[in-house]
Amino acid sequence: DPRSLHDRPVSPLPVVAFRRFRFPVAARVRVDRGVPVQVLVDRRGWSGGHVEIHAGPWRASGGWWIDGPATGKSWEREEWDVTLSDGATYRLFRERDTEAWFLEGVLD
């Protein structure tokens with residue numbers, strides 16, 4: 001019994017999907033008072049832009065249980081969800097040891 005999208009019940013919950021990039025995309029991020037305010041990406045077809053809305057930071061870490069930090073397998077990072085002036089919302093993270101910024105994926 002196929003039904004059209006208009007005949008289906010509407011959920012009160014938003015539908016959100018996170019599309020993780022195969023490899024994180026290097027980004028240049030301008031920060032003001034500890035908050036990202038602009039994201040620039042040197043990749044064709046990506047514009048970047050000013051941060052309109054942000055959530056975070058969330059701290060994440062891993063690999064610390066594998067023989068300790070001396071093995072180089074541990075990592076720490078600070079994650080943000082940012083909506084840019086182009087309307088897209090991205091997961092952005094900063095590696096705490098190198099201070100490098102990356103886009104990890106996009107929220108649809």
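Strand S2 and strand S3 (residues 49–62) pair in the antiparallel sense over 2 bridges, where strands are DSSP runs of E with at least two residues, numbered from the N terminus, and two strands count as paired if DSSP finds at least two bridges between them. The model is predicted, so that local features need pLDDT of at least 70 and side-chain atom pairs count only at pLDDT 80 or more, whereas totals for chains, interfaces and linings use all residues. Residues are numbered from 1 along each chain as its sequence is written, and side-chain values use heavy atoms, with hydrogens and water left out.

Together the strands form a closed barrel of 6 strands in the order S1-S2-S3-S4-S5-S6, with antiparallel pairing.

The largest nonpolar core has 15 residues, and those with the most contacts inside it are Val39, Val82, Tyr90, Leu92 and Leu103; such a core is a set of buried Ala, Val, Leu, Ile, Met, Phe, Trp, Tyr and Cys residues joined through side-chain atoms within 4.5 Å, buried meaning under 20% relative accessible area with a 1.4 Å probe and protein chains only. Strands S1 (18–32), S4 (75–84), S5 (89–95) and S6 (101–107) each supply at least two residues of this core, the largest share, 4 residues, coming from S1.

Methods. Buried means under 20% relative accessible area, exposed over 50%, partly exposed in between (1.4 Å probe, protein chains only).
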